[in-house]
Structure formats: structure tokens, C-alpha cells
Amino acid sequence: MDEMHPSQMARTVTSFLVMDVMERANILASEGRDIIHLEVGEPDFDTPDCIRKAAYEAMQHGRTHYTDSLGIPELRHAIAAHYGKTYGVQVDESRIMVTAGSSPALLMAIACLVDAGDEIIMSDPYYACYPNFTRILKAVPHLVPTGSADGFQLDPSKVRDCMSEASKAVLINSPANPTGICLDAEHMKALGSLGIPIISDEIYHGLVYESEQHTILEFTDNAVVINGFSKAYAMTGFRVGYVSAPPELSEALLKVHQYSTACASSLSQAAALEALTGPQESVGEMVAEFQKRRNLVVSRLNHMGLECNMPQGAFYVFPQVRDPDLFVAEALKRGVVLVPGASFGGHGAGHFRLSYAASYPDLEESMDRLESLVKSFL
Ligand SMILES: Cc1ncc(COP(=O)(O)O)c(C=O)c1O
């Protein structure tokens, strides 16, 4: 009998380097090394008590069955109200579908937009799932370079120049992973008027410092909005997110969701409802703490002589360094875990990503450890 071989699709998917780096660091930690994790993409804060309590109470009250595939009506109503209140946009509840995190929502959105050989336009550097999800679906990621010189802003005229019959959507992410930048309102407006659907990954909304926060829905209805509870509410393990799509797409999305997942977890949906409708103080406190940490890290890195844009959102900095792969390897020897920029695309090479989802004292300690190393990488 033939051996089992991974498909062409499985072979074209690149490995999730952040996870690889984390696993290598965990091995060092198990050997007794003092490791500071600055590679992680999740808030280090506990999920607020009231949110955990809501999940517990849902369990106590027996809400442990399948829900409507679109999600519980109260949560979909709260999501629509949240977009109305925060951005002044009207989102029709019937277009909202609650999913098991924003990741499957992204995969389903791309699946419902592309056929084999079609293209999704996205910036480089990118969140590593984007090109991989596209390739899994036998479509092609069309990469538009951005860099620190243009503030990593996706240039609408460059997007227009690469649009063709094959282009099925532009995928944007603001605030962005790995750069922490927010797209300017003018850029979003111009992207929204290109006449091509926009998939807008808004998962880092809520974690914005100084800068204004915009949803793509302020500029166009021809958009699929993806969001969730993992980041702003520190709920990564709950696996709950959502997608809002134009009517012509929402039916297709629902079918894929019904067959693949049936519904998001009933308990997580109860928790998400509390996240949106309950007290918001802990979110404010988390944002203030992230901002303090960002200021510390950027000023220390700049002081060391590294060029590092001031990120406006999320919890990443993306400084430039000579020979990032070696730098990251040397940092690991000093117990500081970072991610080489090339894992976020060819235009990320020359950078490394540092997540400041770590305590202030750990960040201070990691800056001390990097200080002596940086000198030989300028
Ligand atoms: C840009 C971006 N989008 C989506 C996700 C996935 O988040 P979720 O936990 O909702 O699946 C992440 C997680 O790191 C991310 O960085």
C-alpha cells in the first residue's frame, strides 16, 4: 500500500515560526534557564473576573448545547451595538456570525472569496496566517511591499497597480501584527474606494495608543470585517471571534461554518457577551499598562541605537537590526526570546519582532540583557 504523503497544499504551507521559537524557548526553560518570553502574541493579563464568571454561570445554568450557528442573538446584537457606539457605523445583526476565534473567520472569508489561482492582495510584512491561509485554498498571496520609510502604510496606488481579474480582495490589518502600525484614515478611505472587497482584520482594535481607531466600515460597505475577543479582552483560550460580511457573502460563510464548526462554544459566547456589555475598566487598565511598556521598550531600543518606529497599537515593536537571524539566536542565548522579521515576509527581513506582552520588570531586564548585544549588530 502507498505511504501517506502530505498534499501539495500542505507542503506549500510554511511553519508557524512564532510557535517554533516558543517551543525552543520552552525546552531551554525546562533545562532551568531563566527565559523572558517576548515572542508571544497574546496578552499576559488574566481574563477579567466578570468574564470568567459569565462563562462559569453559563455552565451552571446548563447552557452547554449547540447554539444558533450564527451565534447567540444577544451577542450578535452587542457586537452590532459596539460598532455603532465606537465608530458610528450601522452593522446589520443578520450579517454577523460568531466564530471560534478570528482565525477560522479569516480562513472562511478567504475560502468564500477565492477559487484556485485567484489572488488576495496584502502588505509585506504580514501576519503569517494570511499568505498561508491563501495558499491552503490554492490561491495566491499578492504581496505589496511596505517599509519603515513609509511607516508600513499599505499604499492604495500600489494596490491599484497590482489589481487584475484574479484579485478577489485586499486584506488589511490595523493595528497591525507585526509592526504595530495603524493605517491612516486617508489610506483606508482610498483602499475602500478601489472597487474591490476589503477583508479587514480588526482583532487589535481596542489596543490603540494616541492614534485614532477606524473600522473599514466607515469608508465602504464592500468589506468583510473580522474581529474577536482574544486581544482586547485577554480571552485567547476562549476561542471566540466574529465576522461581518455583505449579504451576498454571509450565506456562503454560514454554510462553511455550519459544516465545519456548527457554532462557537456556548460558554465562550456567554463570556464574550459579558466582555462587551459588562464593565470596561480592566480593558482601560490593560491599555494604559501596554502603553507604558511600549514607551519603555521603544525609548530603550532607540537609546541603544536601533531604529524603531513608534507603534500606535497592538503590543509589538518591529525594530531594524543587522543580521536579525543571528541577533535573535544570540538574544535567545541570553534568555530573551524574539522572532526574526523574515517570518513575516521578505520585507520583514532586516527586523525582529518583540512583543511587550510581558511584565514591566521583565521588559526592563530584557532590555538590560540586549544592551550589550546590540552594539555588535548596529
Ligand atoms: C493579526 C492577527 N489576526 C488574527 C489573529 C488570531 O486571533 P484569534 O485568537 O482570534 O484567532 C492574530 C493572533 O495573533 C493576529 O495577530
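Here are some friendly notes on this predicted model, point by point.

1. **Ground rules.** Because the model is predicted, local features need pLDDT of at least 70 and side-chain atom pairs count only at pLDDT 80 or more, while totals for chains, interfaces and linings use all residues. Residues are numbered from 1 along each chain as its sequence is written, and side-chain values use heavy atoms, with hydrogens and water left out.

2. **Two domains.** The protein splits into domain 1 (8–46 + 281–377) and domain 2 (49–277), with bounds that come from an automatic or database domain assignment. Their C-alpha centres are 25 Å apart. Domain 1 gives 36 residues to the contact between them and domain 2 gives 36 residues, where contact means heavy atoms within 4.5 Å.

3. **Helix α4.** Helices (H or I, at least four residues) and strands (E, at least two) are DSSP runs, numbered from the N terminus. Helix α4 covers residues 73–87, 15 residues in total, and its first and last C-alpha atoms are 21 Å apart, close to the expected 21 Å; that expectation is 1.5 Å times one less than the number of residues. Its buried residues are L75, R76, A78, I79, A80, Y83 and Y87. Here buried means under 20% relative accessible area, exposed over 50%, and partly exposed in between (1.4 Å probe, protein chains only). Those buried α4 residues pack against β2 (96–99), β7 (223–228), β8 (241–244) and α10 (266–277). Just after the helix, G88 has a positive phi of about 70 degrees.

4. Look in the loop between β1 (36–37) and α3 (49–60) for E39. E39 is buried but has no salt bridge, and the nearest side chain of opposite charge, R353, is 7.5 Å away. For this charge count, Lys and Arg are positive and Asp and Glu negative, with His and the chain ends not counted. A salt bridge is a side-chain nitrogen of Lys or Arg within 4 Å of a carboxyl oxygen of Asp or Glu. The E39 side chain does make a polar contact of 2.7 Å with the side chain of H37. Such a contact is a pair of N or O atoms within 3.5 Å; within protein, one must be able to donate a hydrogen and the other to accept it, and residues adjacent in sequence count only if both atoms are side-chain atoms. Beyond four places in sequence, the residues in contact with E39 include V18, M22, L338 and S355.

5. **T47, in that loop too.** T47 lies between β1 and α3 and counts as buried because its relative accessibility is 13%. Its side chain reaches the backbone oxygen of A234 at 2.6 Å. Among the other residues in contact with T47 are R52, Y233 and F238.

6. **Salt bridges.** The structure has 13 of them. Side chains of opposite charge can pair when their charged atoms come close. In helix α3, D49 and R52 are 3 residues apart, about one turn, and their side chains form a salt bridge at 3.0 Å, N to O. D49 is exposed at 58% relative accessibility, whereas R52 is partly exposed at 40%. K168 and D118 also pair, at 3.3 Å, N to O. This pair links distant parts of the chain, 50 residues apart: K168 is in strand β5 (residues 167–173) and D118 in the loop between α5 (102–113) and β3 (119–124). D118 is buried at 11% relative accessibility, while K168 is partly exposed at 26%.

7. K292 and E289 meet at 3.7 Å, N to O, and both belong to helix α11 (residues 281–304). D44, E289, K292 and R293 are linked in a network of salt bridges. E289 also touches F45 and Y360.

8. **Backbone details to view.** Most residues other than glycine have a negative phi, and most peptide bonds are trans. The D124 to P125 peptide bond is cis, with omega near 10 degrees, and the bond joining N177 and P178 is cis with omega about 15 degrees.
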